[in-house]
Amino acid sequence: LFGVCDVDKKRAEKIAKSFNVLAFSDYKELIVKVDAVSIVVPTPLHYTVAKDFLEAGIHCLVEKPITEDVSQAEELLKIANEKNIILQIGHIERFNTAVIESQKHIKSPKFIEAQRLGPYDPRVAHIGVVMDLMIHDIDIILTLVDSKIIQMDVIGAKVLSKNEDIANVRLKFENSCVANISASRVSLDKFRKIRIFQDDSYISLDYAGQSLKIYKKKSDVVTSMSDIEIIKPKLKTEEPLKKELEHFINCVKTGKPPIVTGEHGRDALEVAIEILKKLSNN
């Protein structure tokens, strides 16, 4: 770790001191001094900050969503590809141990239900619940289903802010899979779960608890619960953010593409923007 940068200079100095590194208040000072950066700034600044670093040939991990609009995302992808540098997007749930383990059991989902509820945070009032919370599940579902969306039904409401604070989306895919996604920041408790149903099994995943249950048929005909095998993998609880950062550093060192590429970030953004368009028309 070379240094930390924050527009709040005192905060930058405090964090830098605890890690015995340098503090900066202008990110442009870092451009000639570092090989890679983790960019965690408000969404409207993602494009400008990331572009400056990418054009200088510096590997970037950019917090989700990748940018505010798809054309900006496309431009960042173009720069990263031309310069052959890493552009990883911070869809952190991909590094959740329960998500990683679940992928061993998911073959061809027929129906997916995702719910992500939490308390309101004024810090992210500049964006709505779709870009703040739902985009995590959009990214996961696009990865699991790997099929084109052919239908989208959307409903939502502004409750506490000028942006949507609650939203429900139903996606139908070309391969007939259906996904129902709910996100709300009008809740006192945090609830972050996804359920995947397929021909021979039902998978229940708790993001927050990093836990997983798989209910699997033992035979073609189920006559009682004894015909169902319940699998509860023993998972080591790990900090997804730490795993994400380690993965980024490893990709920079080895040149391997990241698990969450810039293309993944763009695809999730594209769906989120389409949801927002439909919400504004409702």
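Biologist: Which residues line the largest cavity?
Modeller: This is a predicted model: local features need pLDDT of at least 70, side-chain atom pairs count only at pLDDT 80 or more, and totals for chains, interfaces and linings use all residues. Residues are numbered from 1 along each chain as its sequence is written, and side-chain values use heavy atoms, leaving out hydrogens and water. A cavity is a set of points, on a 1 Å grid over the protein atoms alone, where a 1.4 Å probe fits but cannot get out, and lining residues have an atom within 4 Å of a point. Here, the lining is made up of Val 99, Ser 102, Ile 140, Leu 144, Ile 194, Ile 196, Leu 205 and Tyr 207.

Biologist: How much space lies in that largest cavity?
Modeller: Searching the whole structure turns up one cavity of 30 Å³ or more. Volume here is the space filled by probe spheres set on the grid points, which are joined across faces, edges and corners. For the largest cavity, that comes to about 30 Å³.

Biologist: And which elements each supply at least two residues of its lining?
Modeller: Helices (H or I, at least four residues) and strands (E, at least two) are DSSP runs, numbered from the N terminus. Going by those, the elements are helix H4 (97-102), H5 and strand S10 (191-198).

Biologist: What about the second largest pocket: which residues lie nearest its centre?
Modeller: A pocket is an open set of points with protein on both sides within 12 Å along at least five of seven lines. This one holds about 230 Å³ of space. It is lined by 17 residues, and those nearest the centre are Ala 80, Asn 81, Ile 85, Ile 86 and Leu 87.

Biologist: Which element gives the largest share of that pocket's lining?
Modeller: Two or more lining residues come from each of H3, helix H6 (240-254) and helix H7 (262-281). The largest share is three residues, and they come from H3.

Biologist: On to aromatic rings: what is the angle between the planes of Phe 2 and Phe 24?
Modeller: The whole structure has five aromatic pairs. Rings of Phe, Tyr and Trp (its six-membered ring) pair if their centres lie within 6.5 Å; planes under 30 degrees apart are stacked, over 60 edge-to-face and the rest tilted. Phe 2 and Phe 24 are a stacked pair, with 6.0 Å between centres and a plane angle of 25°.

Biologist: Which parts of the chain does this pair link?
Modeller: Phe 2 is partly exposed at 35%, while Phe 24 is buried at 6%. They are 22 residues apart, and the parts they link are the segment before strand S1 (3-5) and strand S2 (residues 22-24).

Biologist: How far apart in sequence are the parts tied together by Tyr 27 and Phe 53?
Modeller: The ring centres are 5.6 Å apart with planes at 45°, so this pair is tilted. Both residues are buried. Tyr 27 is in the loop between S2 and strand S3 (36-39) and Phe 53 is in helix H2 (residues 46-55), so the separation is 26 residues.

Biologist: Last one: how far apart in space are Pro 122 and Glu 75?
Modeller: Pro 122 is in the loop between strand S6 (111-117) and H5. At 56%, Pro 122 is exposed. Pro 122 and Glu 75 are 47 residues apart in sequence, and their C-alpha to C-alpha distance is 30 Å.

Definitions and conventions. Buried means under 20% relative accessible area, exposed over 50%, partly exposed in between (1.4 Å probe, protein chains only).
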